[in-house]
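Here's a quick briefing to read alongside the structure. Have a look at the fold first, then work through the points by topic.

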Amino acid sequence: MNAAYKIVKSNKGSGGIDGMSTEALLAYLKKHGSEFIASLLEGTYKPNPVRRVEIPKANGKKRGLGIPTVVDRTVQQAISQVLEVLYEPQFSEMSYGFRPHRGSHRALLKCGEYIEQGYLFTVDMDLEKFFDTVNHSKLIEVLSRTIKDSRLVSLIHRYLNAGVINCGKYQPTQLGLSQGGPLSPILSNIMLNELDKELERRGHKFVRYADDLLIFCKSRKAAHRTYDHIVPFIEGKLFLKVNREKTKVAYIRDIKFLSYAFGRRNGKCQYLLHPESIKKMKHKIRELTSRSNGWGYEYRKERLQWYICGWSNYFSVAGYKNRLEEWDSWLRHRIRMCIWKSWKRVRTRYHNLKKLVPDENRVRIAAFCRKSYWRMSSHPTVHEAMSDERLLRAGYPTFAGCYVDFNKAKGYW
């Protein structure tokens with residue numbers, strides 16, 4: 001519990017339905033700690049409902065998150081730590097999501113191994129609303145095989161049935177795992193480990209990251225046969241639903257896994273940027289360089305630095321070196337547009353340009369020009385005043401700079 005408290009405190013995060021913050025948690029535990037621990041040991045502790053929060057998804061829909069109270073987060077974290085020790089030896093080597101010392105890059109490299117071995121066709125499996133449709137009875141049955149303390153199983157069951165508070169109204173939860181708490185990742189892996197073991201028993205090559213699953217086959221016919229045989233197990237034994245519209249049998253070039261695409265050249269796997277990933281990146285950059293968000297220079301630089309470096313690190317496995325110049329040119333264009341708009345008045349533009357460009361006639365023409373912000377950002381005078389070198393010295397990040405920094409940090413260069 002002490003270790004769980006430290007993790008919850010360091011993660012911070014917003015409070016649940018009781019409004020208690022992580023800063024107030026220690027005082028609460030000191031005051032009520034003994035009776036709190038006693039209720040857990042006696043099996044009488046009753047979890048609070050979670051606070052429902054909806055966040056937008058890339059497809060325009062919304063994903064519901066459940067925010068537990070900080071006290072419940074501490075209990076869930078403690079349970080998760082115990083379950084991790086119990087179940088890590090049982091989990092499949094082909095499972096990479098929500099596990100220590102693993103991650104998306106290792107999952108991608110494993111996909112590359114299979115592709116280089118000639119497994120060029122996949123069953124790209126999509127479980128429809130997995131976290132919202134987990135069958136509680138089946139999960140409790142699976143947990144009971146390993147956990148012999150009925151108090152812990154009962155406590156987990158009470159967390160599953162705690163319900164949610166949505167717009168001030170209580171809603172029961174008869175199905176699903178509430179995303180947003182420390183317990184749902186480990187429980188999802190415990191549930192889907194049943195699928196992993198079945199795939200291993202049947203001798204399939206596969207990679208799973210959370211509820212994203214690829215099953216690799218050497219022919220399209222074998223992939224269709226695998227699909228036909230595994231769907232009845234998922235729906236009949238695990239009581240999960242396969243999204244038949246999104247689940248497909250496809251050649252490796254035609255799939256998207258963890259935002260990557262794949263290719264094969266001279267027998268070697270190629271890791272590629274999926275077109276949707278580039279589209280999402282540009283959409284995010286447009287948000288960060290919006291003319292109307294009212295951000296100051298320093299805050300905008302900071303947000304751009306966080307995003308571009310994080311994006312570059314995640315997609316470091318892909319080969320996109322030849323796209324860096326194109327992206328940086330577009331990024332500089334947008335930064336100049338933001339700066340030009342921030343110089344709102346003609347006299348401000350005139351004085352600022354005059355400091356940077358020696359030709360007063362050109363400065364005057366640019367300052368009085370009434371073209372749009374976007375067109376002015378590519379104006380020769382504005383471009384000279386806010387050159388690439390000056391923007392770099394001012395602290396604006398570049399894709400190329402983050403790419404070089406990452407490769408140097410990893411010792412590749």
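Predicted model: local features only at pLDDT ≥ 70, side-chain atom pairs only at ≥ 80, totals over all residues.

A salt bridge here is a side-chain nitrogen of Lys or Arg within 4 Å of a carboxyl oxygen of Asp or Glu. By that rule the count comes to 19 salt bridges, and one of them joins the side chains of arginine 208 and aspartate 196, at 2.9 Å from N to O. That pair links distant parts of the chain, with arginine 208 in strand S6 (residues 205-209) and aspartate 196 in helix H8 (residues 183-201), twelve residues apart.

Residues are numbered from 1 along each chain as its sequence is written, and side-chain values use heavy atoms, with hydrogens and water left out.

**Overall picture**

- The chain has 18 helices and ten strands, where helices (H or I, at least four residues) and strands (E, at least two) are DSSP runs numbered from the N terminus.
- Taken along the principal axes, the C-alpha atoms fill a box of roughly 85 × 65 × 40 Å.
- Of the 413 residues, 47% count as buried; buried means under 20% relative accessible area, exposed means over 50%, and partly exposed is in between (1.4 Å probe, protein chains only).
- For a sense of span, glycine 401 and leucine 155 sit 50 Å apart in space, C-alpha to C-alpha, and 246 residues apart in sequence.
- Glycine 401 belongs to helix H18 (residues 399-409), and counts as partly exposed because its relative accessibility is 27%.

**Salt bridges**

- Back to the opening pair: arginine 208 is buried, and aspartate 196 is buried too.
- Helix H8 also holds glutamate 200 and lysine 197, three residues apart, about one turn of the helix.
- Glutamate 200 and lysine 197 form a salt bridge, with their closest N and O atoms 3.7 Å apart.
- Is lysine 138 buried or exposed? Lysine 138 counts as buried because its relative accessibility is 11%, whereas glutamate 141 is partly exposed at 40%.
- Lys138 and Glu141 are also part of a salt-bridge network that takes in Arg145 and Glu194.

**Strands and hairpins**

- Two strands are said to pair if DSSP finds at least two bridges between them.
- Strand S7 (residues 212-217) is largely enclosed by the rest of the structure, because five of its six residues are buried.
- Strand S3 (residues 121-126) pairs with S7 in the antiparallel sense over six bridges, and aspartate 124 stands opposite leucine 214 in S7.
- S6 runs antiparallel to S7 and is joined to it by five bridges, with lysine 205 opposite phenylalanine 216.
- S6 and S7 make a hairpin with two residues between the strands, and alanine 210 takes a positive phi near 55° there.
- Strands S9 (residues 260-265) and S10 (residues 268-273) pair in the antiparallel sense over six bridges, and arginine 265 has lysine 268 in S10 as its bridge partner.
- The S9 and S10 hairpin has two residues between its strands as well, and asparagine 266 in the turn has a positive phi of about 55°.

**Surface patches**

- Patches are made of residues with over 30% relative accessible area and no salt bridge; like charges are joined within 9 Å, and nonpolar side chains (Val, Leu, Ile, Met, Phe, Trp, Tyr) within 5 Å.
- Accessible areas come from the Shrake-Rupley method with a 1.4 Å probe, and for residues only the protein chains shown count as cover.
- Which residues gather in the patch of positive charge on the surface? They are Lys57, Lys61, Arg63, Lys129, Lys241 and Lys246.
- For charges, Lys and Arg count as positive and Asp and Glu as negative, while His and the chain ends are not counted; the place of a charge is NZ of Lys, CZ of Arg, CG of Asp or CD of Glu.
- Lysine 246 lies in the loop between helix H9 (220-236) and strand S8 (248-251).
- Met1, Ile37 and Leu41 make a nonpolar surface patch of about 250 Å².
- Isoleucine 37 sits in helix H2 (residues 25-42), and counts as partly exposed because its relative accessibility is 33%.
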